[in-house]
Amino acid sequence: MRTMTPPRAPRAPRTRPLRDPAPSKWGYRWQRWMLTPGVRTGVYVGGPVLGVVLIAALWLAHDGNRAMVTGQIERLTQAVQDRPEFRVTHLAVTGADEDLAGVVTDLIPVKFPVSSFTLDLAAMRAKVAELPAVEDVYVRVGDGGALEVGITPRQPVALWRTSDGLQLIDGAGVFSGAVATRAERRDLPLIAGEGAEDHLEEALALFRTAAPIAERVRGLVRIGERRWDMVLDRDQRILLPTYQPAVALNRVIGLEQSAELLARDVMLVDMRNPQRPTVRVQQGAVAASRNAMATGAND
Amino acid sequence: MRDLYETQRAMRNVRRAAMQRGVIAILDVGTSKIACLVLRFDGPGRMPQIDGPAALAGHSQFRVIGAATTRSRGVRFGEIDAMQETERAIRTAMQAAQKMAEVRVDHVIACFSGARPRSYGLDGGVDVETGVVTEGDIGRVLASCEVPDFGHDRDVLHAQPVNFALDHRSGMADPRGQVGSRLATDLHLMTVDATAIRNLFFCIKRCDLELAGLASSAYVAGISSLVEDEQELGAACVDLGGGSTGISVFMKKHMIYSDAVRMGGDHVTGDISMGLQVPTQVAERIKTFYGGVVATGMDDREMIEIGGDTGDWERDRRTISRAELIGIMRPRIEEILEEVRARLDAAGFEHLPSQQIVLTGGGSQIPGLDGLAAKILGQQVRLGRPLRVQGLPQAATGPAFSGAVGCALFAAHPQDEWWDFDIPAETYPARSLKRAVKWFKDNW
């Protein structure tokens, strides 16, 4: 059977001129303008950035929105700070005796438990370091939620009697506290006089030299910020020279051990001139001794 | 002459500015297509360093980042015929190339093939003043060349010093710094119709572009398709274009002669169109698909459906054999080649030490052309393709793009021309003095 329709025509080769693809003058200029580096960056980066900034600014223009943002931030901050990992529960003072620990505890007015973010450790440390009895201190948040205060106390080496009372003084000549009576610190030697704290080394050396007569020594007095007087009981005094006072004191102790000089009725041993030691006896002692010689009591 | 000197100098400055910006466009305004390449100059440091001679004979300092080609409109015989149409075609090519390159290009170097190029060989000589040849001496010797009267309607397109002679030594490429007393030079001057240049200027200006250089298509095709030895020993490049066939003769790496035959592939297409009674588009299609110049027995049996678009497809089912097509094409191509032969003979090409002829351009893709050309032009004929440059798309590596690629090479390494040297200083005061005297005469 023959089909009645003619066979489909093959597509004729295209002979019409192709559509002219030339851009219009303004289209061409527009494309060139958009290819200019500055414009290009402006459109692809500046435009979106500007849009985002504009939207954000409009949104933030309302007070309620701003408050919401700040509130949200604050809540988040609080939530993080209140986590148990950052909680500080107690105070641990190390390296201090009981009195000092009590003082330090009073100085740090923190109500536990507290977040470690709210603690001003530097200020606490400055406050504690101001205490006279504290030589050095560290304040840190340690393990197990402890606020650790590690104190290195000053070690008093002598008592200094001043017009205000008895002060403790450490090796560097710094006051480290006060005591009410001498009896509280019998173990420490006593010094007095103006400028005594600057020659503490010398004073301590003199105390060590005076070890054989230690139970009779009351203390050292700085005279004229220049030399020492050693004061014994029974109001006896040993006047020491400015230079090499230990040598002079040694001579006095030697005399004491050989001739029991200090056990006698002596008021004052003057060693200020080492060439010429002088002894002043008590009022009436000379007369008493003469009377004794006259009565022949010694015979 | 002076105006042109200033214009060319201005274009050199524009080119320098373009180099600093690093992007320049190449525009090949042809009769059948307009090609645009966008080049980016990276400088030598940015390219990967390799051992041995630099890649692409040292031309690797630029890469093609955009390429576009469009059907040419309004160009005939390599000259702008309809300004608006050409302007639109240039815009099309430029826009596509810029889009591909994603960069805006403001400077363009253009080449065109037509405008009746004519070559002049000039010579001049001066005494060297200081005993040592300086840049100023070269400027003076170039200015001393006696310029022929080539007519007021023609402009100089190229003016290249091709040879320097110092005293009795000749064949110097660069005499600067050498000791001598008399410096002579040979200058190759190429002129074209001034109107063609003006039209091209105007078209490019209308596209918001700045012209950074002008070149003859025949010259740049020679740069890109002749290998170095051929340029050195002497060779002719025949650029078979659409509307005109450019001829350039190279010797010692300089173009010494240039001419153009005002016939090309479009005339072959026209012959087919007329001979077979088909539209031009169909003729062009048949030419590119089935064209040839040597018929064999096989070609008698190979039938081509030409499909004349008369609207009566049932009766208009004409077919021709390929032999017939070749019979139409061959005489025209022979005519073109004969004309080329005549021009080469007129130029004295046979006196050159090497008789190499390189066929390039879109027309050189006709199968069997090299055999035909060998019969007409001489035995040393080869088909040339342009140098491979970095980044060039595969579609633009064919011989049809030898002009565009050559123009890119020309943009990268322009040869020193007359306007690259300073005008001798003594001519200035003479002119201005004369002008001052004239002013006084006119006003007092």
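This briefing covers strands and helices in chain B. The model is predicted. Chain B holds an open sheet of 5 strands. Helices α4(B) and α12(B) lie across strands of chain B.

**The five-strand sheet**
- The strand order is β3-β2-β1-β6-β11 in chain B, and the pairing is mixed.
- β3 (62–71) and β11 (210–216) of chain B stand at the edges.
- Each of these two has a single partner strand, so one side of each has no neighbour in the sheet.
- From one strand to the next, the twist averages 20°.
- Strand β6(B) spans residues 107–112 and runs parallel to β11(B), with 6 bridges joining them.
- A110(B) sits opposite L214(B), a residue of β11(B).

**Helices across strands**
- Helix α4(B), residues 194–206, lies across β1 (23–29), β6 and β11 of chain B.
- α4(B) runs at about 145° to β6(B).
- Helix α12(B), residues 402–412, lies across β1, β2 (33–41), β3, β6 and β11 of chain B.
- α12(B) runs at about 140° to β1(B).

**Strand β10 and its partners**
- Strand β10(B) covers residues 182–193 and runs antiparallel to β7(B), residues 118–127, with 10 bridges between them.
- G124(B) has T185(B) in β10(B) as its bridge partner.
- β10(B) also pairs with β8(B), residues 154–166, in the antiparallel sense over 11 bridges.
- A159(B) has L189(B) in β10(B) as its bridge partner.

**A covered helix**
- Helix α5(B), residues 217–225, is mostly covered, with 9 of its 9 residues buried.
- Among the buried residues are Y219(B), V220(B) and I223(B).
- G222(B) and S225(B) are also on the buried list.

Conventions
Residues numbered from 1 in each chain as written. Chains lettered and ligands numbered in written order. Predicted model: local features only at pLDDT ≥ 70, side-chain atom pairs only at ≥ 80, totals over all residues. Buried ≥ 20, exposed ≤ 12 C-beta atoms within 10 Å, placed from the backbone. Helix = DSSP H or I, 4+ residues; strand = E, 2+ residues; numbered from the N terminus. Pairing = 2+ DSSP bridges. Axes fitted to C-alpha atoms, helices over the stretch in contact; angles between N-to-C directions. Contact = placed C-beta atoms within 7 Å.
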